[in-house]
Amino acid sequence: MNGRDNTGGTSGSNKPGLTLHIPEPPFRPGDPVDYSYLEIPRPDAIARPDETAAARSMVDLAYGLIRVLDDDNRAVGSWNPHLDDTTLLRMLRTMALQRAFDDRLFRAQRQGKTSFYMKATGEEAVAIGATFALDREDMCFPSYRQQGILFARDYPIVQMINQIYSNRLDPLFGRQLPIMYSARAYGFFTLSGNLTTQYPQAAGWAMASASKGDSRIAATWCGEGSTSEGDFHNGLTFGAVYNAPCIFNVVNNQYAISSYSGFAGSERTTFAARAIGYGIPGLRVDGNDILAVYAATNWAANRARLNLGPTLLELFTYRAEAHSTSDDPSAYRSAQERQEWPLGDPITRLKRHCIDKGIWDIARQEAMDLEVAQEVQAAQKEAEQNGILGHGLHQPDQTMFQDVYEEMPWHLREQSEQAIRERALKWPE
Amino acid sequence: MSMIQALNSALDVMMARDDRVVVLGEDVGYFGGVFRVTAGLQTKFGKQRCFDTPITECGIIGAAIGMAAYGLRPVPEIQFADYIYPGLDQIISEAARIRYRSAADFICPLTIRVPFGGGIFGGQTHSQSPESLFTHVTGIKTVIPSNPHDAKGLLIAAMEDNDPVIFMEPKRCYNGPFDGYYDRPAKSWADHPDADVDEGYFRVPLGQARIVREGGDLTILAYGTMVHVAHKVIDEHGIDGELIDLRSLVPLDIATIEASVRKTGRCLIVHEATRTSGFGAELSALVQERCFYHLEAPIERVTGFDTPYPHSLEWSYFPGPIRIGEALDRLMRE
């Protein structure tokens, strides 16, 4: 004992006692929902600055909400990207395909065909809108809810399901959690479960592209909760310091598993405003408005291609479903939150816009929903021919030891031989 | 040339041969690094190829991973091994696994240079030997030279390797071999045979140990600074010891170790890092598993103590000639 009192407690002074603030979300299970505290500006309220404008001149954009689709389903205001009808309908179909995929694979997990799944329901516009605005050659460093990039770039969905099932045609040899895709040829960086590690990596990729005089840019995504991670700030520091052609996306879906966004600092400011300290543009965007997502991404991409550096986009959205198949949101949030989310559902909003424009109708929507559901069902059946998790139709054991290093060192060779020996004993032919 | 000059020469040769090689880190650009290993590279190859970074180790390593994913071959410097801990997540969860988790869709050819070890009055935060943190991580290689020739050849091999390599430089040997006698005048590399280093390109392959001194009485396994200390002690004790410089811990040259211990029947493992769960524990287990019936004495480990690296008492901490000599005597009595 050193005789010092390290037990804390009140000091001897007569100064008023301090209190510790613990954030508390506005609603809990059973509570009524009132979103009147959210400021939702009209779509034409925020003017689109020129891409070459100084970051300091657009600080307000970090506190506003860039929107294109108004309450009457019209595309209005200076951010309207004026997309052609074909593109609008392709976006609609891509979002519908993702939702059908998520629903079907979620059920597959419940049926025991895989260990884990994560839906992006309600957030489809975030990744799909961005991918439509990026070039096909740009490199994406996603987090785990941006499978929309793969749908938008026409990655084979059978292959996605093979990965989810960890079966014998899983391109990742059953090494990764389901949904942790990797697709270099599709500009999709290998997913990590550790949060925001992709942020400095994306900055580094963009730096490399710039240093080689390339024209490709990088984009990366993280959730609002993980903006608390050091790597989020490391990525922004590198992006800002080296003027890297990189788009930093924060998907503010209001929840980090069960913790609401207040635990990432949303009580004081927006996530887009994180950009201000770095001297880069920060744009807060209605993440359920795919035209706004497209427009903001296109703006940031143009800026990056003009060698004007990185942009931070906050996509303001709502995680309509659970965090993952291991999560039960009814245990921590009001059941009414989802229904009353004032920015609606991204698919519904684009659908209504297309119908009001006269390029779409309910009958065609229903036909398309059926068609994408059948497409997913057919892909699932095909994938199941290659096995499901734990079914035995998985990779040979030696694949476990491959790709740890380029060449297998002696200790892995020995362990590989052991695994093959054990397998023959456990499951004799 | 000195080890610093040899390392500089390796970087120079590779930057000239391969325009994908990029050097980055705190102070490495204009200033040429606090130990001068990167001196002159920015002037010669330009700021795009050799540049300073913000002070964030996980940012440096994370950005380097992204550069490697793009197709460059980055060589980040972490100023002291003691500062690498904030970068561990990027090393362990990312660099080490990218090839595996992507089924070689993406690879991570990264060489992280990091000075390590004590003996320079660097206190707790400039003296540590964290190599076993890296050897425990599968997917990365851990390489430690002990002299200028190997430093250059191994660094070139590391830069050409398609896997991430932690390249640990024993900074006590930067300017001369250190024999463990802290109170003697510092030696220079000038007259050392391993300091006669070719100016051009050559490789020392990873995963091949070097028998520094052949002998029949006992085997000493060492790396980095401890190679020189052990060498001196063997000579002083007049023991016919076989000294093996491991040069790379992962991949490990088990064949050379096994052959030597089977021949001598005795094994002493020497490292500067703290004892508990140090790399010596792994070496000891391997030797026991593979050479047990050839052993004539228990395997001994001589290591640093299990304390943080003390500033004023560093020569009491350091596993010097007395600690090694006592272990040698114990082993030879058996």
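A charge is said to sit over a ring if NZ of Lys or CZ of Arg is within 6 Å of the ring centre and within 35 degrees of the ring normal. The model is predicted, so local features need pLDDT of at least 70 and side-chain atom pairs pLDDT 80 or more, while totals for chains, interfaces and linings use all residues. Residues are numbered from 1 along each chain as its sequence is written, chains are lettered from A and ligands numbered from 1 in the order written, and side-chain values use heavy atoms, without hydrogens and water.

**View 1. Arginines over rings.** A:Arg333 lies over the face of A:Tyr255, 5.0 Å from the ring centre. In chain B, the charged end of B:Arg172 sits over the ring of B:Phe178, at 3.8 Å from its centre.

**View 2. An aromatic cluster in chain A.** Rings of Phe, Tyr and Trp (its six-membered ring) pair if their centres lie within 6.5 Å; planes under 30 degrees apart are stacked, over 60 edge-to-face, and the rest tilted. A:Tyr255 belongs to one aromatic cluster whose members include A:Phe27, A:Phe316 and A:Trp341.

**View 3. A stacked pair in chain B.** The ring centres of B:Tyr182 and B:Trp315 are 4.9 Å apart and the planes are at 10 degrees, so the pair is stacked. B:Trp315 is buried at 18% relative accessibility, whereas B:Tyr182 is partly exposed at 45% (buried is under 20% relative accessible area, exposed over 50%, partly exposed in between; 1.4 Å probe, protein chains only).

**View 4. An edge-to-face pair in chain B.** B:Phe292 and B:Tyr293 pair edge-to-face, 5.2 Å centre to centre with 80 degrees between the planes. B:Phe292 is partly exposed, at 44%, and B:Tyr293 is exposed, at 78%.
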